[in-house]
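Colleague: I am new to reading protein structures. Could you walk me through one?

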Amino acid sequence: MANILDSAYGKNVWIAGGYKFDPQTSNMTYVPQNPILFISTDASFSNPTKIEDASFPLTGQHASDTLLNENYVSAISSGKDKFVILYVGKDTSNLSQTQIAYSSDGTNWLPSQSEKLHATQSTNLVDIKYGANHWVAIGHGNNSAARLYRSNNITNINSSWTQIEDSSANGAPATRPNAS
């Protein structure tokens, strides 16, 4: 079974993503187990290609960010002829971390950062948008501290994401409102 968390359309391609789970082992708690993407070049989204498990493009992309469990695609966006996904999971220290990846075609993904966004704390990004020539990602860290990152060049892996807000002292978590 799959739980789809977000979708995006661009360049005549639909992408939807989230996680796959096994209700037998999850005890119906729906803990994310494996990331999953559905990709379709058909406007009606019929017969999409499914990318999951070991074939998922980001697993172990860079050693400092290898995500071990509770992995899922938290957000997908399209802009400036690119797709961007936020891929969340637990690292070797059991901290939630987010990898950011981009693609020109929705099938082949490359990492958009070379190291953890925040090396000593959890960073769980929940949404990403493009506008005014910038990508902006929002989320939260330890103790519900709001986190806000921006990039105007997601393909520059060495310096692409800049933290512009960390409200550790007084912030509430940044969350995506539930769609009605």
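Modeller: Start with the inventory. This is a predicted model. The secondary structure of the protein chain amounts to 1 helix and 12 strands.

Colleague: In what order do the elements of the protein chain run from the N terminus on?

Modeller: The order is β-β-α-β-β-β-β-β-β-β-β-β-β.

Colleague: Next, the sheet. How do strands pair in a sheet?

Modeller: Strands of a sheet pair through backbone hydrogen bonds, and the pairing is either parallel or antiparallel. Here, 4 strands make an open sheet, ordered 1-2-3-4, with antiparallel pairing.

Colleague: Which strands stand at the edges?

Modeller: Strand 1 (2–10) and strand 4 (49–52) do. Each has a single partner strand, so one side of each has no neighbour in the sheet. From one strand to the next, the twist averages 20°.

Colleague: Over how many bridges do strand 3 and strand 4 pair?

Modeller: Strand 3 (residues 34–40) pairs with strand 4 over 4 bridges, in the antiparallel sense. Find isoleucine 36, then look across to strand 4: glutamate 52 stands opposite.

Colleague: Now the rings. What describes a pair of aromatic rings?

Modeller: Two things: the distance of the centres and the angle of the planes. The structure holds 4 aromatic pairs. One of them joins tyrosine 9 and tryptophan 14, with 5.0 Å centre to centre and 50° between the planes, and this pair is tilted.

Colleague: Are tyrosine 19 and tyrosine 72 stacked or edge-to-face, and why?

Modeller: Their ring centres lie 6.2 Å apart and their planes stand at 70°, so the pair is edge-to-face. The cut-off for that label is over 60 degrees.

Colleague: Where in the chain do tyrosine 19 and tyrosine 72 lie?

Modeller: Tyrosine 19 is in strand 2 (residues 13–20), and tyrosine 72 is in strand 5 (residues 69–79). The pair therefore ties together parts that are 53 residues apart in sequence.

Colleague: Are tyrosine 19 and tyrosine 72 buried or exposed?

Modeller: Both tyrosine 19 and tyrosine 72 are buried. Tyrosine 9 counts as partly exposed, at 39% relative accessibility. Tryptophan 14, at 27%, also counts as partly exposed.

Colleague: Which residues do ring pairs link into a cluster?

Modeller: Tyr9, Trp14 and Phe45.

Colleague: And the chain as a whole: what share of the residues counts as buried?

Modeller: Of its 180 residues, 46% count as buried. The accessible surface of the protein chain is about 8900 Å², and 48% of that belongs to carbon and sulfur atoms.

Conventions:
Residues numbered from 1 in each chain as written. Predicted model: local features only at pLDDT ≥ 70, side-chain atom pairs only at ≥ 80, totals over all residues. Heavy atoms only, no water. Pairing = 2+ DSSP bridges. Helix = DSSP H or I, 4+ residues; strand = E, 2+ residues; numbered from the N terminus. Axes fitted to C-alpha atoms, helices over the stretch in contact; angles between N-to-C directions. Phe/Tyr/Trp six-rings, centres within 6.5 Å; stacked < 30°, edge-to-face > 60°. Buried < 20%, exposed > 50% of the residue type's maximum accessible area, 1.4 Å probe, protein only. Areas by Shrake-Rupley, 256 points an atom, 1.4 Å probe, with all protein chains shown as cover.
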